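Have a look at the model below before reading on.

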Amino acid sequence: MPSLATLPFLATISRLLLRSLPFIGDPKVIGGPKAKAPNQSFPKGALIMRWSQYFLYTSREVPADAEVISHQLMSRAGMLRKHAAGIYSFLPFGLRSMSKMMGIVRRELDAVGCQELEMPVVQPAELWQESKRWRKYGKELLRVKDRHGRDFCLGPTHEEVVTDLVRRNVKSYRQLPLNLYQIQTKFRDEIRPRFGLMRGREFMMKDAYSFHADDTCMDDVYQAMHGAYSRIVEACGLDYIVVDADSGTIGGSSSHEFMVLADTGESAVIRCKASGYAANVEKAVTKLETPEAPASDVLEEVATPGLTTVEQVAKHLGVDPSQMVKTLIYEHDGGIVAVAIRGDREVNEVKLKNVLDAEWLRLADAEKVSRATNAPVGFAGPVGLSVDRLIADTTTQELKNFACGANKVDAHLTGVNWGRDAEVTEFADVLMVVEGDADVESGEPLETFRGIEVGHIFKLGTSYSEAMNCNFAAEEGPDKPMIMGCYGLGIGRTVAAAIEQNHDKDGIIWPLPLAPFQVLLSALNPAADDAVREVAERLYGDLETAGYEVLYDDREMSPGAKFKDADLIGLPLRVVVGSRSLSNGGVEFSLRRAPQEREIVAVGDIIERLGRALEELS
């Protein structure tokens with residue numbers, strides 16, 4: 001306990017520390033200090049919002065590796081800088097937008113009862129070994145050793161750490177449910193980082209984890225988080241859709257992705273407008289009509305010399321590709337598996353990996369194919385295979401008298417039937433759904449579109465709690481494992497997605513909630529025109545006093561260069577002070593979304609005009 005004499009000193013130190021903290025939430029704080037003379041120095045830690053002293057440097061050049069518009073514009077607008085593949089610094093202008101995003105996330109999660117904490121980036125291997133993910137997670141998990149030779153990893157996610165925290169402290173059903181979240185840096189060693197913040201290695205993410213005594217409680221919280229995520233994306237002003245999704249390396253019984261619609265999105269999404277069904281292509285389902293069976297059920301070998309494609313073989317045999325079965329040989333951590341699918345369709349390897357519960361999966365090499373089929377690659381069929389398992393897609397289950405490879409060079413079989421000629425280990429849905437397939441519920445054609453995954457929520461069940469002995473004393477009966485949920489949302493990715501949806505040929509058009517500043521105040525030739533400089537300086541102070549978030553472009557640059565930069569950085573509201581506007585009775589006001597629609601507003605009326613514009617944009 002400090003003495004009374006030391007308290008004033010501690011209070012002074014606390015005030016200094018608080019003053020130097022970066023902005024992370026309250027928009028009232030953004031405006032910074034009152035206007036000062038251009039050459040006056042700022043005290044250390046002050047929020048400098050004069051462009052001449054702000055760490056904001058734009059560029060006309062598009063980075064060579066910037067494939068998508070958000071990466072191009074974020075680099076050119078001085079939001080981030082690359083240090084290595086998938087690793088960036090967030091500069092002040094970019095971090096302000098990220099902070100806006102974090103503020104929205106905190107508001108909505110706190111409203112549904114989440115509690116914020118912070119967990120370590122560096123995680124001990126023992127926890128991941130307990131959950132059995134130390135090897136299963138794959139090469140994206142960056143493993144390191146400390147000076148004592150102990151194994152650690154840089155956290156790509158925090159299921160293990162949060163489960164360890166809860167099992168140490170929560171013992172009874174009376175302490176449940178519990179929902180904890182953090183906003184923190186993650187690291188995933190992507191094999192091919194690309195698209196800027198869309199597929200980086202180091203990134204900022206919000207991850208939340210809930211713990212429950214029963215499934216009913218889990219469902220209730222899952223729906224509450226679903227609603228919170230919807231409000232977060234809507235608050236950002238984004239066009240989005242929620243889709244059924246694959247749970248991937250996180251695991252769990254079901255999951256949903258929140259997809260921001262964008263032509264440049266890396267995720268393919270299937271949907272039906274008639275029924276409202278939507279799913280990631282990795283998870284999408286359909287129903288296919290079974291084609292009419294060929295007449296003959298006699299098993300017969302037919303020579304097919306030089307024919308290498310399904311279409312060529314089908315034409316030669318006089319059948320439709322849908323009446324054929326093609327067989328692919330895969331290897332995975334559990335052995336060699338053959339996969340049979342209709343000749344006119346493709347295998348969805350994500351579905352197959354889930355069916356096999358495999359840690360990894362790939363097409364077998366030529367040597368393994370030869371051992372499994374006694375033939376080179378390209379002639380496999382389901383009859384007489386030497387494999388650990390034969391998985392057949394469910395759309396082949398009703399096929400009769402079909403044609404397939406004969407496991408012999410330049411030969412195929414006709415009149416093949418399951419059970420009589422080939423024994424299937426399991427029929428399972430491993431089909432890749434494509435545009436035009438029928439929706440299961442409505443029967444209407446499915447359509448595809450591109451999306452950017454910004455959020456993903458999971459029902460984890462008890463997979464982690466059972467593996468790590470995270471149990472609670474039930475109201476009746478023996479102790480039970482906690483039922484868990486997991487909820488991730490990309491902070492930088494959502495900001496990038498907002499730019500993908502909101503830009504034109506000249507630059508960013510910020511949605512108001514994510515804009516680093518609300519207003520760009522530009523003074524044209526202030527050094528040469530005392531009236532322009534004096535009005536701009538007075539407006540800067542008045543706008544900040546009124547609570548507006550203002551970036552003041554006081555730089556000595558040509559008007560054309562300033563206008564180019566204004567379009568590039570894309571702040572929602574623009575006020576230009578120039579000799580021409582002053583001679584016309586005021587300052588020039590415009591919206592970034594309609595830069596050609598300019599109006600002259602009296603200096604004394606500009607604050608009221610900005611207020612009306614903000615209401616219209618909100």
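Which residue lies over the face of Tyr-222? That's Lys-459, at 5.1 Å from the ring centre. A charge counts as sitting over a ring if NZ of Lys or CZ of Arg is within 6 Å of the ring centre and within 35 degrees of the ring normal.

A quick word on the ground rules. This is a predicted model, so local features need pLDDT of at least 70 and side-chain atom pairs count only at pLDDT 80 or more, while totals for chains, interfaces and linings use all residues. Residues are numbered from 1 along each chain as its sequence is written, and side-chain values use heavy atoms, with hydrogens and water left out.

**The whole protein**

The protein has 618 residues, and 51% of them are buried (under 20% relative accessible area with a 1.4 Å probe, protein chains only; exposed is over 50%, partly exposed in between). Its C-alpha atoms fill a box of roughly 95 × 65 × 50 Å along the principal axes.

Take the contacts (heavy atoms within 4.5 Å) with a separation of 6 or more: residues 24 or more positions apart account for 68% of them.

Two strands pair if DSSP finds at least two bridges between them.

| Strands | Bridges | Direction |
|---|---|---|
| β27 and β29 | five bridges | parallel |
| β29 and β30 | four bridges | antiparallel |
| β30 and β31 | four bridges | antiparallel |

Across these pairings, Leu-521 stands opposite Val-575 in β29, and Arg-574 stands opposite Ser-590 in β30. Leu-591 has Ala-594 in β31 as its bridge partner. Two residues separate β30 and β31, which form a hairpin.

**Rings meeting rings**

A search of the whole structure turns up ten aromatic pairs. Rings of Phe, Tyr and Trp (its six-membered ring) pair if their centres lie within 6.5 Å; planes under 30 degrees apart count as stacked, over 60 as edge-to-face and the rest as tilted. Phe-55 and Tyr-57 are edge-to-face, 5.3 Å centre to centre with 90° between the planes.

Phe-402 and Trp-418 make a tilted pair, at 5.0 Å and 50°. Phe-402 is in strand β18 (residues 402-405), and Trp-418 is 16 residues away in the loop between β19 (411-416) and β20 (426-428). Both Phe-402 and Trp-418 are buried.

Finally, ring pairs link Tyr-54, Phe-93 and Phe-517 into a cluster. The charged end of Arg-96 sits over the ring of Phe-517, 3.9 Å from its centre.
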